[in-house]
Amino acid sequence: MMDISRRGFLTAAGIAAGATFAKMPVAEASTKTVLHARTRQIEVDGKAATRYGVEQADGTFGLFLNPGEQFNVRLVNELADSTLVHWHGMDEPWQQDGVPYLSAFPIAPGESADYLYDPKPSGTRWMHSHFGLQEQNLLAAPLIIRDKAAMQEDAQEVVLLLEDFSWTSPEEIFANLRKPKKMMSMGSSSDKEVGPDLNDVEFDAFLANDRTLDDPEVVAVEKGGRVRLRIINASASSNYTIDLGALEGTLIAVDGNPIEPLSGKTFPLAIAQRADIMVTLPSDGSAAAVLAHCEGRKMRSGIILAPKGATVAKIATMTDSEGPEIGLAQELQLRAAAPLAAKKTQRRIPVHLTGSMSSYIWNMPIEGQGGMPAVVSEQQRVEITMTNETPMSHPMHLHGHSFQVVEINGTKISGAMRDTIMMPPKAQVTVALDTTNPGLWAFHCHNLYHLAAGMFSTMAYRQIPKST
């Protein structure tokens with residue numbers, strides 16, 4: 001098992017009547033895992049950078065739970081600012097979801113909050129700040145809920161957390177995005193929308209487990225051994241293509257949820273999505289790289305899997321060509337290993353993704369009404385159809401639920417179970433879910449700057465349980 005310490009990585013609408021914030025459950029401190037939101041030092045391109053992180057007192061980065069273990073956590077805020085952490089991909093009680101002012105109040109500096117629930121579903125999840133723009137300051141970490149099958153695999157577990165990095169503060173990045181932009185004349189009497197761009201932000205580096213390819217993490221593996229890669233796109237505003245190079249990989253889960261195995265060498269990974277890929281190392285004992293090529297950029301990051309004695313060659317950060325555009329071609333091939341049971345759809349909800357790069361205002365009117373939640377009742381089969389009317393992609397995330405992709409651009413499929421779906425420009429995707437987790441849930445684009453500029457809404461149950 002790899003060292004999972006931080007050093008190991010380096011070597012909406014109003015709340016329904018009667019609903020209130022939860023009083024966090026209290027358990028004995030000795031049974032809790034204490035997570036610390038704190039500042040830390042990393043090195044990027046030979047320069048020191050102070051950023052945020054979530055780690056345990058012993059340096060363990062994030063949280064790894066084995067079968068039967070409870071999510072029993074105390075989050076201590078050691079930052080100078082308030083914060084709140086979202087447990088991404090979990091079906092937790094809504095008051096413990098970690099969305100400021102929606103599910104709970106932010107945690108003030110020096111204060112803490114307790115969380116206690118049954119951690120489900122299992123799989124590759126992650127945690128990140130949902131307060132302001134802190135996610136861009138790298139306040140994110142793995143949240144791995146292992147199941148019995150994963151524990152019994154004859155495979156080494158390797159976690160790969162991808163992040164985008166800038167020397168510019170998130171607040172300045174956002175302010176620059178909001179500045180008025182010149183319109184491009186297209187030879188007509190009226191100017192047109194600024195042309196589509198695969199990335200909003202010119203980042204200075206892309207990190208894999210906090211490191212660039214100039215000084216990558218080298219993970220010790222066995223010659224000819226099997227490795228389960230748990231890859232998390234924790235970037236604020238960047239999509240990637242995972243490139244296994246000489247290795248052949250088998251995609252076995254997306255967003256933590258098992259799929260029918262899909263073999264390949266490259267796999268798209270949108271913001272906030274996860275991919276579990278099984279690989280077998282070369283029998284000759286040579287090293288292998290796992291790379292992430294940024295969409296629309298001649299930059300990449302990654303890690304090296306190296307058996308003892310293997311030669312580790314230098315890999316260039318810059319490439320000759322830009323990373324490919326992330327679309328839905330591979331999504332059409334995915335099939336859930338455990339799809340939703342056949343059931344009549346009882347509620348259909350249209351969502352239109354709107355906005356423009358020129359004004360940098362993004363919206364997601366639901367049923368034609370801006371600012372209104374998607375209203376559901378408990379124990380319904382719900383279908384949400386999202387239509388992207390913009391020239392930008394939007395990775396759409398629904399809190400507290402997993403959904404199944406059931407239609408892409410008019411093609412019906414029994415697709416993957418996910419919590420985040422990529423919405424390329426002009427695409428239409430329908431997802432289905434069962435409303436079995438009452439609450440008031442965030443529903444938003446996971447591009448941090450699109451979210452901050454307005455692409456945020458909620459899904460609200462008609463009857464929301466009161467806190468106890």
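Reader: How many nonpolar, polar and charged residues are in the lining of the largest pocket?

Author: The lining has 6 nonpolar, 7 polar and 4 charged residues. Here Ala, Val, Leu, Ile, Met, Phe, Trp, Tyr, Cys and Pro count as nonpolar, Asp, Glu, Lys and Arg as charged, and the others, Gly among them, as polar. This is a predicted model: local features need pLDDT of at least 70, side-chain atom pairs count only at pLDDT 80 or more, and totals for chains, interfaces and linings use all residues. Residues are numbered from 1 along each chain as its sequence is written, and side-chain values use heavy atoms, without hydrogens and water.

Reader: Which lining residues are closest to the centre of the largest pocket?

Author: Asp91, Pro121, Asn257, Ser402 and Met417, out of 17 lining residues.

Reader: Switching topic. Where is Asn137?

Author: Asn137 sits in the loop between β7 (123–129) and β8 (140–145). Strands are DSSP E runs of at least two residues, numbered from the N terminus.

Reader: Is Asn137 buried or exposed?

Author: Buried, because its relative accessibility is 17%. Buried means under 20% relative accessible area, exposed over 50%, partly exposed in between (1.4 Å probe, protein chains only).

Reader: And what does Asn137 touch?

Author: Arg51, Tyr52 and Pro170, not counting residues up to four places away in sequence. Contact means heavy atoms within 4.5 Å.

Reader: What about Ile242, which residues is that in contact with?

Author: Beyond neighbours within four places in sequence, the contacts of Ile242 include Leu162, Ile231, Phe267 and Ile277.

Terms used:
Helix = DSSP H or I, 4+ residues; strand = E, 2+ residues; numbered from the N terminus. 1 Å grid on protein atoms, 1.4 Å probe; cavity = no way out; pocket = protein on both sides within 12 Å on 5 of 7 lines; lining within 4 Å.
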